[in-house]
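Hi everyone, thanks for coming. Let me put the structure up on the screen, and then we can walk through it together.

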Amino acid sequence: MKFLFLLFCVTLVTVLTTPQIFVNSVNGQLVITVNRLNLFNGENITLTSQNLFATENGQPAPSRVLYRVTQITNGQFRLLNPATNQYTPITQFTQEQLNNRLINFLHTNNQQLPSYTLQAQDSLNGLTSVDSTVDVTFSAFNRNTIGAPRPVFQADIDPVTLVVTLRITVFKRVFTTATNPEVNFNIGLSRKEQCSQSDFIRDFQLSRSTNWFNTYIFTSTLNDFMANPNVQQITNGPVIDLVTNMYATYMITQVTTWPGTNQQEVNCYQVVYSQRYCLSLALAVTRVGIDTSGGPDVVHTLKPVKIFVNDFNKLEVRFLLMTTLTSRLTSFTVTGPYVFTVTDAVLQGTSGTITTYDVVLQSNVISGVINFFGDYVLRFSSVVNSVSTNFDIPYSLQYLTVGAPILQQLIFNTTALTFADRALTIPKSQFALSDTINVRVDAPGAADLQLADIGPYNVALCCYLPFQSIPNVVDCRSAERADFSTNVFINGQAVRSGGLNTDSIATSSVQTYGFQFDVPVAIRDNIDRRCFLTIESSYQEVGKKKRKLVVNTQSIGQQIGSLTQKLFDLISGIKGGDQKNNNGTNTNTGNNNKNGAMGGGGASQQQLWFTLMVVGALAIVMLLL
């Protein structure tokens with residue numbers, strides 16, 4: 001530390017004793033002062049000094065100056081060959097070629113804003129300008145044409161929140177004259193005949209406006225979308241198609257004043273565009289329950305196999321029923337909002353303590369629009385301890401967006417802890433990026449099933465920066481990248497450098513499972529994160545290892561039982577493998593970070609001390625000058 005201080009003082013004395021010795025190593029300045037375009041969609045423009053102008057030492061750039069083109073989108077530069085009158089694509093050109101009007105810019109005719117960056121170079125004087133990004137005034141309209149550009153229609157549904165979003169982007173005229181007036185927009189989910197000099201917006205809201213386009217947005221929950229009078233429902237039972245049309249009309253008016261009078265003639269024409277949107281919902285079996293009413297040794301559950309419309313135009317649902325009873329199951333019935341008949345219940349066999357049946361349900365003949373949505377119960381009977389006993393397994397039929405089927409759902413609470421070791425004996429809440437994180441999930445209220453174990457269904461990771469932005473309720477399944485430092489979904493495979501392994505940790509209780517988790521993200525800014533895991537758990541067949549997780553894209557309200565809680569902090573200041581004891585102190589030497597706070601060890605103190613010395617020395621320089 002003293003050596004650094006003495007060295008700095010020597011340098012300081014040298015500067016103070018020779019204050020007049022300053023050498024300007026630059027012979028001049030090369031500056032791009034003008035870089036702009038005004039163009040219509042699909043237009044090509046021959047560049048002049050009105051579009052591009054550079055100076056060298058305050059004078060127009062000499063002819064030898066070379067311009068390099070980078071980061072170009074939605075267009076290309078071309079060089080004209082005067083002898084053949086043909087153009088050749090280029091990525092650089094000279095000031096001389098620009099002066100001779102040989103440089104042309106061609107837009108790609110895709111209704112998108114062009115962009116590029118230019119850098120000027122004078123190799124003779126060793127000068128290079130700073131990068132200059134073009135300033136573009138653009139119209140998606142075509143020059144001197146009747147009509148209007150096609151709007152951009154977009155539609156999607158969030159698989160987690162089940163919110164339907166429709167977007168319409170329409171384009172402005174931008175370059176308006178007496179013969180090319182500005183346009184107005186007629187937007188909605190229904191067509192309304194109108195041509196006026198003001199916008200007519202229905203159903204949608206303006207979400208973004210620039211100098212060359214407007215974007216309007218419509219959002220609705222799935223239930224409200226289905227109830228919208230502009231949405232038509234078409235269904236044959238297992239599938240519902242929700243159909244609507246988005247309308248976007250350009251209203252182009254031209255007002256002419258008769259010479260010498262106050263009379264005006266208003267002419268208006270419309271350019272109408274529409275886009276059909278069809279959202280398909282598929283019927284699926286969800287929320288399958290488990291019957292344990294016969295005691296801890298008598299367990300029944302269902303596994304959905306198939307749902308479809310058969311050759312008799314009936315909805316057919318097939319289950320695999322699994323039971324620990326050895327006595328015969330009989331008297332199958334179904335209750336619910338729609339009539340189903342159990343047409344088959346065939347014994348398949350017994351494996352270990354588990355007996356399986358193939359169960360087939362059929363509806364009445366589908367003769368019109370029908371909605372099978374609702375909660376149902378499959379009831380059957382068997383003899384237990386010489387007594388005929390009824391058993392009930394609940395399940396639901398729900399219309400879902402296209403995605404992975406849901407087979408089981410937990411109806412109990414879970415908790416989770418993180419550990420430093422695979423044996424799950426050393427609790428740990430602060431990890432380095434290179435650490436393997438050991439997670440234990442407990443479900444004390446779950447039924448102890450002989451036919452199934454509990455395991456992870458889907459795992460999502462999200463990490464917050466800064467800590468103050470953490471909301472009261474966190475769900476990593478709906479986290480946005482704009483709000484989180486990372487939002488990485490682990491769906492049975494490694495993501496980047498991370499992954500998840502459930503085979504390596506064995507737990508003694510059937511109501512507990514563990515897995516190892518490697519952070520699947522590279523963080524290079526050395527800033528700590530507070531991380532959360534949203535863990536969805538489900539029953540899985542005994543003996544089936546759970547290394548490969550199943551992708552789950554359904555809504556939160558319909559998902560497998562889930563857990564989200566603060567599990568660990570990613571601490572950039574500790575080395576991989578460093579251990580902390582239960583009171584949070586570091587058992588190794590090095591930086592100590594507590595409660596997710598930034599580290600402040602010896603290296604940081606040295607850096608701060610040196611920074612204060614430099615600032616103080618610079619202050620002395622200013623005073624002496």
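Let me begin with a question: which residue stands opposite P304 in β25? It is F319. Before I go on from that pair, please keep in mind that this is a predicted model.

A second case is R78, whose charged end sits over the ring of Y87, at 4.1 Å from the ring centre.

Now let me step back to the whole chain. There are 625 residues in the protein chain, and 44% of them count as buried. The secondary structure comes to four helices and 39 strands. If you take contacts between residues at least 6 apart in sequence, 67% of them join residues at least 24 apart. The accessible surface is about 32400 Å², and carbon and sulfur atoms account for 51% of it.

How far should we trust all this? The chain averages a pLDDT of 74, with 68% of the residues scoring at least 70. Confidence is highest in strand β26, residues 330–335, at a mean of 96, and lowest in helix α1, residues 2–17, at 27. Over residues 1–26 the pLDDT stays under 50, and the model has eleven contacts for that stretch beyond four places in sequence. Residues 545–566 are also below 50, and this stretch has 92 contacts in the model beyond near neighbours in sequence. Where pLDDT is low, the predicted coordinates should not be read in detail. Please treat the contacts of those two stretches with that in mind.

Next, a hairpin. Strand β14, residues 152–157, pairs with strand β15, residues 163–171, in the antiparallel sense over six bridges. Within that pairing, F153 stands opposite I168 in β15. Five residues lie between the two strands, and in this hairpin L162 takes a positive phi near 55 degrees.

N57, in the loop between β3 and β4, has a phi near 55 degrees, a positive value in a residue other than glycine. The other is N85, located in the loop between β6, residues 75–81, and β7, residues 86–90. N85 has a positive phi of about 60 degrees and is not a glycine either. Are these residues buried, exposed or partly exposed? N57 is partly exposed, because its relative accessible area is 47%. N85 counts as exposed, because its relative accessibility is 56%.

You will find N51 in the loop between β2, residues 44–46, and β3, residues 52–56. Leaving out residues up to four places away in sequence, N51 touches V34, N35, R36, L37, I45 and T46.

My last stop is Q205, in strand β18, residues 205–209. Q205 counts as exposed, because its relative accessibility is 56%. What does Q205 contact, apart from its neighbours within four places in sequence? The answer is T215, Y216 and I217. As for T215, which is ten residues along the chain from Q205, the C-alpha atoms of the two are separated by 8.5 Å.

Key. Residues numbered from 1 in each chain as written. Predicted model: local features only at pLDDT ≥ 70, side-chain atom pairs only at ≥ 80, totals over all residues. Heavy atoms only, no water. pLDDT = per-residue confidence, 0-100. Contact = heavy atoms within 4.5 Å. Pairing = 2+ DSSP bridges. Lys NZ or Arg CZ within 6 Å of the ring centre and 35° of its normal. Buried < 20%, exposed > 50% of the residue type's maximum accessible area, 1.4 Å probe, protein only. Areas by Shrake-Rupley, 256 points an atom, 1.4 Å probe, with all protein chains shown as cover.
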